Amino acid sequence: MARWDVLVVGAGPAGSTAARELASAGARVLVTDRAVFPRYKACGGGIAVRTERLLPFPIEQVVEAAVSIVQLRHGARQVVSKDGGRPFARMVMRDRFDALLMEKALEAGAEFRPGTTVRAIDEEVRGVRVVADGFEAEAAFVIGADGANSAVARSAGLAQGMYECAAWEIEARVPARTSQSLRESCVLGLGYRPWGYAWAFPKDARLSIGVVLPQGRTRDLRLATQQFIGSLGLPGMEIERAQGHKVRSRRGGERIATDRVVLAGDAAGLADEFTQEGIFYAVRSGQLAAREALCALAEDGLVAAYEHAVDAEIMPELRAARLIAYMFYGMSRHLGSAWLRVARPMGFLWEAFFEAQRGDSSYARELGRAPLLARAAAARVDRR
Ligand SMILES: Cc1cc2nc3c(=O)[nH]c(=O)nc-3n(C[C@H](O)[C@H](O)[C@H](O)COP(=O)(O)OP(=O)(O)OC[C@H]3O[C@@H](n4cnc5c(N)ncnc54)[C@H](O)[C@@H]3O)c2cc1C
């Protein structure tokens, strides 16, 4: 049976990033994915500029739009737009974006086995056995980057009891009558109870449109998406693809590492509760996982310290996003469409969002500017 330094399960942004960094440093890495690439991934495809800044190569070749305008909507009539002056996000289709990231991992020397569904892992004292359909391999360490339904997490007994919500995503051809503002803005629809939002992100000839709602309201996702499309004035669009997906969020304390197995990205629940954005955290956790595995390989050590690295570097940002979500959606719930009128003149709020998305600031730093508000929100959130 083949033995690898690191076997990475899942070739999304978390897995391909971990693999690229490991292979660049000389480790023997195998990546497996159940899909054959390029593969579709239900996702808005919004790549915050801060995510791009983590990558050591340009992504221009897969960028379909650069967005500097946020448009908040409540129904069809209440609309507020803010232009950040320069892009805060770029829009991609995930099949092309993920294929590019994987191509970079291959160039660095990683090996790839697509079409290989991992069923279970078996952690032993000296290594980990990975069992997939028609394939088995051993590795000193395993990185589970296999998404929100992670088989690695299940098999290792990790990432249990996380907060869950669900999203519905459609890819639609842009009708000729689509307004310029829809073609160049990141459009976000509010007004869902108890929280949630809809989005329309521009691509070359398409819009990626979706809605995220908390668990318990997932039955409403399709109808909410149809209503949002109607509110955009685009009923009867040509829908090419529609797919639902679970989103899980780690709130702190849930185990995401053993001695020889770590979880990265969605497998570890590293999606924020304000925007449900996860690609930034997937890339960053992939880097942290690679760093810990390289240290462990060099010192004949273990990777359990990865959890501390995530706790120190990623969890404060996820915590801040959760507190901001509590305040933002709370205001939206209490004020309804008036929230847009209240928020419109609050230039510092819009600027904070743009700065965090660009990586010139962070949610944690921006929240730190309002310590009393943050403490009040934390007290409420922690009581729930
Ligand atoms: C509808 C929706 C819209 C979103 N929009 C955005 C957005 O606009 N911007 C943003 O930043 N985030 C967004 N997110 C979140 C983002 O999609 C994820 O956070 C991101 O894809 C996580 O990357 P990952 O590498 O951890 O996992 P994934 O991208 O899910 O990759 C996991 C990989 O593992 C493979 N896999 C799964 N199981 C197995 C198995 N058993 N064996 C082998 N391989 C397996 C899969 O085929 C897949 O390729 C959205 C999420 C949803 C659901």
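What span should the 15 residues of helix H3 (residues 94-108) have at 1.5 Å a residue, and how far apart are its end C-alpha atoms? The views below, all of a predicted model, start with that helix.

**View 1. Length of helix H3 (residues 94-108).** Just after H3, Gly109 has a positive phi of about 115°.

**View 2. Buried residues of H3 and what covers them.** Arg94, Phe97, Asp98, Leu101, Met102, Lys104 and Ala105 are the buried residues of this helix. Looking down the axis of H3, the buried residues fall within an arc of 150°, so they line one face of the helix.

**View 3. Domain 1 and domain 2 in contact.** The chain is assigned domain 1 (3-43 + 93-162 + 250-313), domain 2 (64-90 + 163-248) and domain 3 (325-383). Between the C-alpha centres of domain 1 and domain 2 the distance is 29 Å. Domain 1 gives twelve residues to the contact, and domain 2 gives 13 residues. On the side of domain 1 that touches domain 2 there are seven nonpolar, three polar and two charged residues.

**View 4. The shell around the ligand.** Of the 38 residues around the ligand, those that come nearest are Gly10, Gly12, Gly44, Gly265 and Gly278. Two or more residues of the shell come from each of H1, strand E12 (163-173), strand E16 (239-249) and helix H7 (279-299). By class, the shell holds 17 nonpolar, 14 polar and seven charged residues. Domain 1 and domain 2 each supply at least three residues to the shell.

**View 5. Leu270 and the residues it touches.** Leu270 sits in the loop between strand E17 (261-263) and H7. Leu270 is buried because 26 other C-beta atoms lie within 10 Å, where 20 or more are required. Leaving aside residues up to four places away in sequence, Leu270 touches Arg250, Gly265, Gly278, Tyr281, Ala282, Ser285, Ile314 and Leu318. Two of these contacts, Gly265 and Gly278, are also among the residues that come nearest to the ligand. Another contact, Arg250, is 20 residues from Leu270 in sequence, with a C-alpha to C-alpha distance of 5.9 Å.

Conventions. Residues numbered from 1 in each chain as written. Predicted model: local features only at pLDDT ≥ 70, side-chain atom pairs only at ≥ 80, totals over all residues. Domains from an automatic or database assignment. Contact = placed C-beta atoms within 7 Å. Nonpolar A, V, L, I, M, F, W, Y, C, P; charged D, E, K, R; others polar. Helix = DSSP H or I, 4+ residues; strand = E, 2+ residues; numbered from the N terminus. Expected span 1.5 Å × (residues − 1). Buried ≥ 20, exposed ≤ 12 C-beta atoms within 10 Å, placed from the backbone. Arc of directions from axis to C-beta. Near = placed C-beta within 6 Å.
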